[in-house]
Amino acid sequence: MKLVFPVILLLIFIIPGHSYAQAAEKLILYVSLAGNDAWSGKLATPGKNKADGPFRTFERAKLEIEQLNEKGSIPAQGIQVLIRGGVYPIEETIVLANKHAGKTNAPVLWKNYGNEKVQLVGGKAIKKFHALTDAAAIKKIDTAYQKEIFEVNLKADGITDFGAITNRGRPGLEFFFNDKKMQLARWPNEGWAKIADVPQSGELVYKGELPHMRFGLPVGKHYGRFTYSGNRQNNWSNTNDIFLHGYWVWNWYDEFVKVQSIDTGTKEIFIEPPHSHYGYCKEQRYYAVNVLEELDQPGEWYLDRSAGVLFFWPPSPIATGKAFVSLLNHPVMLLDSTENVQVEGLAFQFSRGNGIVIKGGKNNLIGGCTFSNLGDVAVKIEGGQNNGIAACNIYDVAAGGVLLGGGNRKSLTPAGNFVENTHIHHYSQWIRTYQSAITISGVGNRAAHNVIHDAPGSGILLTGNEHIIEYNELYNLALETGDVGAFYMGRDWTERGNIIRYNYFHDLTGPGVHDVNAVYLDDWASGTTVSGNIFYNCARGVMIGGGRDNVVDNNIFIGCKPAIHVDSRGLGWAKYYFNGTTNTLFERMDAMQYKLPPYAQKYPALLSLYDDEPAVAKYNRITHNISYMGRWIDLHDGLDLNTVLSRDNIIAKSEKEFKNTGDHIMNENPGINNYNTGNFRLQPGALRYGFKAIPYHKIGLQKDKFRKNPTKTFNTK
């Protein structure tokens, strides 16, 4: 017996094909543009005799994984699908379903091979440009520019679906040159035109939005047209292809509308329905796109949709450039109810739809990927558990960066989904409002260590409960919009338990008539904690718009005007939310069944809300903050420091005199001597009055396997 047992044990480990031996291995599959789906997929390059090598398609690699799952033969260390470098045109969504899943400790990884660049492209390369010859176009384009412009017939290249431009939809076909999105020929080339007037005669289309009034009229009231000044529009001949993009009534809401006709005699532009949702107002801003007569500078293009001809003025020699148009209307990749799948190091480009959608499932991760030149939100996470993206780069996308959803609001069940260590910038390039870098919804999700900047509107939009927003850096936002927040939530008393901590908000001034708020708790947002953040050079630091039970604690405000704003708007301009005109707040309370668990237990303040002056911003606590320069606090609608608790704050050099026995007022620097170099640490010996150190070194992008040397925009030492 002493000899037999070791022999049997040895055989278990060395017999080929034995399940234990197989389970201990890691399977590596390869996909290459030089591959063949008839090969084994287990070689990185084709063999010398071309008898074996990598797979050619993702579908073949998926089939191999599917067959292993059917047999229960996923190796103990998982499967790697390594993709060789190159441009892979994606004509149909790559769907990874449950049959392509990995195991808890044996994930299925789809990754670029080595450091090779893998581009998954939802479009088509365009190569047949030639000099301008179209007779009709020659008559319309300025003679000084004609020699610079090239044309290509997309229909002759098999492209007939150009998409549709709608009011708040996506751009349809987009054109890219040398990895940059080109500009549809527009007027004016920079800035905006303004509505001269909105004639009040003819067939009424929209009666306006009462009680708001402007220029003596209900806001937005119109009869299907508006007027322009100047004579530029008189030159536009083919109105069938012209679209106008504007902030037609409010600086927080933009839309595209289609020109129906132009009356050059009365200087009236008639709009083809559907009209702007809020109507049109005098002096609001807009510009025109896809106007052939305005093809007048490098980087612009025009599409004749009826003929299928694209005209282009290249910014560099077209012979050596690379041109693409976007075609795929669906996600490039979909993880559908799968588990333990990882996608790493891939680039998603030149598509009309999303880069990746994760729908349900759990423990799926997108890491170190790049999403650019997309016509929709880059990444969508729809439900599931512990799904997320990390260390990705998202930029030059038509809509938002990430839609992060998951969790059940009625049961307050968290999802644990996340966006981490991701750089998101120059997003919302088509629709400019409500397309944020991260839109977070549901329950119990997290956005952390992200850097977000350079966009027309918001950085983070939030709905739901118990989310955590931490260690992010947000700057240069709201560059085009007004009445907006770098972080924004609002209009629901039940959305509570959210935490905004250890973030760095800076250089947020904005051009809008209502400025920009770094943290905007709009329209009765309540039960939110804002703690340990840095607010530097912000038009407003924290806006509490009528809400209650909010905590603003242990933050640094430098040069904010004001640092904090609190109002009881339900007693003033927004009283129509409480007089029966608009019942949104009450309907949302009922929808969450706030009188029953879990809401009645988790948020007991909701039970007494209706009997406690709901229009008054009560029980907000502002403590242990440091405010230097700028203005400390603005209180509106009859609020005072008997209603708003302000205690143990250090208020230094406020431009508006402030007196409160519970706070500490000084006329000198409170000890943040190097803030202009990005160092916000208090000097040794500075008075703190309960203020606690902020973990500066954790803010922003962090070093990981994808980011070897992340850039910091402020001093962490």
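Strand E5 (residues 108–112) and strand E26 (residues 341–344) run parallel and are joined by four bridges. Strands pair if DSSP finds at least two bridges between them. Helices (H or I, at least four residues) and strands (E, at least two) are DSSP runs, numbered from the N terminus. Opposite Leu109 stands Gln342 in E26. E26 also pairs with strand E29 (residues 365–367), in the parallel sense and over three bridges. There, Val343 has Ile366 of E29 as its bridge partner.

The model is predicted: local features need pLDDT of at least 70, side-chain atom pairs count only at pLDDT 80 or more, and totals for chains, interfaces and linings use all residues. Residues are numbered from 1 along each chain as its sequence is written, and side-chain values use heavy atoms, with hydrogens and water left out.

## The 12-stranded sheet

An open sheet holds 12 strands in parallel pairing, in the order E4-E25-E28-E31-E34-E37-E40-E43-E46-E49-E52-E55. Its edges are strand E4 (94–96) and strand E55 (633–635), each pairing on one side only. From one strand to the next, the twist averages 10 degrees. Axes here are lines fitted to C-alpha atoms, for helices over the stretch in contact, and angles run from 0 to 180 degrees between N-to-C directions.

Strand E31 shows the pairing in detail. Strand E28 (residues 356–359) joins E31 (residues 379–382) through four bridges, in the parallel sense. Lys359 has Glu382 in E31 as its bridge partner. E31 pairs in parallel with strand E34 (residues 402–404) as well, over three bridges. Val379 stands opposite Val402 in E34.

In a regular strand the side chains alternate between the two faces of the sheet. Buried means under 20% relative accessible area, exposed over 50%, and partly exposed in between (1.4 Å probe, protein chains only).

## Cysteines

How many disulfides are there? The count is zero, with a disulfide defined as a pair of cysteine sulfur atoms within 2.5 Å. For Cys369, the closest cysteine sulfur is in Cys392, 4.9 Å away and therefore too far for a bond. Cys560 is in no disulfide either; its nearest cysteine sulfur, that of Cys538, is 4.5 Å away. Cys369 is buried, at 0% relative accessible area. Cys560 counts as buried too, at 1%.

## Gly246

Gly246 sits in strand E18 (residues 243–247). Its relative accessible area is 0%, so this glycine is buried. Leaving aside neighbours within four places in sequence, Gly246 contacts Tyr253, Asp254, Glu255, Arg285 and Tyr286. Contact means heavy atoms within 4.5 Å.

## Pocket and cavity

The largest pocket has a volume of about 1300 Å³. Of its 49 lining residues, Trp252, Asp483, Arg491, Asp522 and Asp523 are the closest to its centre. Strand E43 (484–490) is among the elements that give two or more residues to the lining. The largest share, five residues, comes from E43.

The largest cavity holds about 30 Å³ of space. Its lining includes Lys140, Ser237, Asn238 and Tyr302.

On a 1 Å grid over the protein atoms alone, a cavity is a set of points where a 1.4 Å probe fits but cannot get out, and a pocket is an open set with protein on both sides within 12 Å along at least five of seven lines; lining residues have an atom within 4 Å of a point. Grid points are joined across faces, edges and corners, and a volume is the space filled by probe spheres set on the points.

## Backbone exceptions

Most residues other than glycine have a negative phi, and most peptide bonds are trans.

| Cis peptide bond | Omega |
|---|---|
| Trp187 and Pro188 | about -10 degrees |
| Lys561 and Pro562 | about 5 degrees |

Pro188 is in the loop between strand E13 (186–187) and strand E14 (193–194). Pro562 lies in the loop between strand E51 (556–558) and E52.

Tyr471 is not a glycine, yet has a positive phi of about 60 degrees. Tyr471 is buried, at 9% relative accessible area. Tyr619, also not a glycine, has a positive phi of about 65 degrees. Tyr619 counts as partly exposed, at 43% relative accessibility.
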